[in-house]
Amino acid sequence: MQLLVASNNPKKLKELHTILAEAGIEGVELIPLSEAEPYPEPVEDGRTCADNALIKARAGAKATGLPCVADDSGLAVDELNGMPGVLSARWSGRHGDDAANNELLLGQLAHVPEERRSAAFVSVCVLVTPAGQEHVVEGRWPGRVLTAPRGEGGFGYDPLFQPEGEERSAAEMTPEEKNAVSHRGQALRQLVPVVAAL
């Protein structure tokens, strides 16, 4: 069975591949966007991560006739009423400028004491079939926002995020350690029974 993954991020593909293998699911060929028949990229204008994941998965399933998995994730900071949330990747005004996003977040939390720096990485993963069935799952990775970046690994807000029960930042963890506990890993594992049923 072919399964479209609405992403060209090799890390996301590898993570899903690993999770399916660990669950003993065979015969699933993951197709990244780069290998699918090109189609117009949908505008991600949803108000929540779930909205955006559904927009991507619906577009992929409709355009290719394949079941499609998509995800949208962000950092929800309690002190900022859950923001940057769905705007995480473009918090500073430019999409994907990690350094500017981190700098802005640090500035916004500059005078916030340790006990009020709680946050969580949230990932919503969606699987939409060509027949229109929709499965929506969510993973949450609680922790806190550090006062300065630490670590060279990961991407996005990883250098500023210290997971609950960890001494290190997410950027100081190995990819394997992170995948085992991360928000996206949690959400993708919830989709395993759905993929198995297909």
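**Figure 1. The lining of the second largest cavity is made up of eight nonpolar residues, with no polar and no charged ones.** In this predicted model, the second largest cavity has a volume of about 40 Å³. The residues that line the second largest cavity are L3, L16, L20, V69, L188, L191, V192 and V195. Helix 5 gives the most to this lining, with four residues, and both helix 1 and helix 5 supply at least two residues each.

**Figure 2. The largest cavity, with a volume of about 80 Å³.** A search of the whole structure finds two cavities of 30 Å³ or more, and the largest cavity is lined by V5, A6, S7, K12, L16, V69, A70, D71, C125, R184 and L188. Helix 1 (10-22), strand 3 and helix 5 (183-197) are the elements that give two or more residues to the lining of the largest cavity, and strand 3 gives the most, with three residues. By class, the lining of the largest cavity holds seven nonpolar residues, one polar residue and three charged residues. L16, V69 and L188, which are among the residues lining the largest cavity, are also among those that line the second largest cavity.

**Figure 3. The second largest pocket, with a volume of about 200 Å³.** This pocket is lined by 16 residues, and of these C49, G82, G85, V86 and V122 lie nearest its centre. The elements that give two or more residues to the lining of the second largest pocket are helix 2 (49-64), strand 3 (68-77), strand 5 (118-128) and strand 6 (134-145). Strand 3 gives the most to the lining of the second largest pocket, with three residues, and strand 3 likewise gives the most to the lining of the largest cavity. The residues that line the second largest pocket divide into eight nonpolar, five polar and three charged.

**Figure 4. Helix 2 and the strands against which its buried residues pack.** Helix 2 has 16 residues and reaches 23 Å from its first C-alpha to its last, which is close to the 22 Å expected at 1.5 Å a residue. C49, N52, A53, L54, K56, A57, A59, G60 and A61 are the buried residues of helix 2, and C49 is also one of the residues that lie nearest the centre of the second largest pocket. The buried residues of helix 2 pack against strand 1 (2-5), strand 3, strand 5 and strand 6. Just after helix 2, G65 takes a positive phi of about 75°.

**Figure 5. Helix 3 and its buried residues, A100, N101, N102 and L105.** Helix 3 comprises residues 98-108, and its buried residues pack against strand 3, strand 4 (83-84) and strand 6. Strand 3 and strand 6 are also among the elements against which the buried residues of helix 2 pack.

Figure 6. H183 counts as buried because its relative accessibility is 6%, and the cut-off for buried is under 20%. Leaving aside its neighbours within four places in sequence, H183 is in contact with S73, F121, V122, S123, G139, R140 and W141. Of these contacts of H183, V122 is also one of the residues that lie nearest the centre of the second largest pocket.

How values were computed: Residues are numbered from 1 along each chain as its sequence is written. This is a predicted model: local features need pLDDT of at least 70, side-chain atom pairs count only at pLDDT 80 or more; totals for chains, interfaces and linings use all residues. Side-chain values use heavy atoms; hydrogens and water are left out. On a 1 Å grid over the protein atoms alone, a cavity is a set of points where a 1.4 Å probe fits but cannot get out, and a pocket is an open set with protein on both sides within 12 Å along at least five of seven lines; lining residues have an atom within 4 Å of a point. Grid points are joined across faces, edges and corners, and a volume is the space filled by probe spheres set on the points. Ala, Val, Leu, Ile, Met, Phe, Trp, Tyr, Cys and Pro count as nonpolar, Asp, Glu, Lys and Arg as charged, and the others, Gly among them, as polar. The expected span of a helix is 1.5 Å times one less than its number of residues. Buried means under 20% relative accessible area, exposed over 50%, partly exposed in between (1.4 Å probe, protein chains only). Contact means heavy atoms within 4.5 Å.
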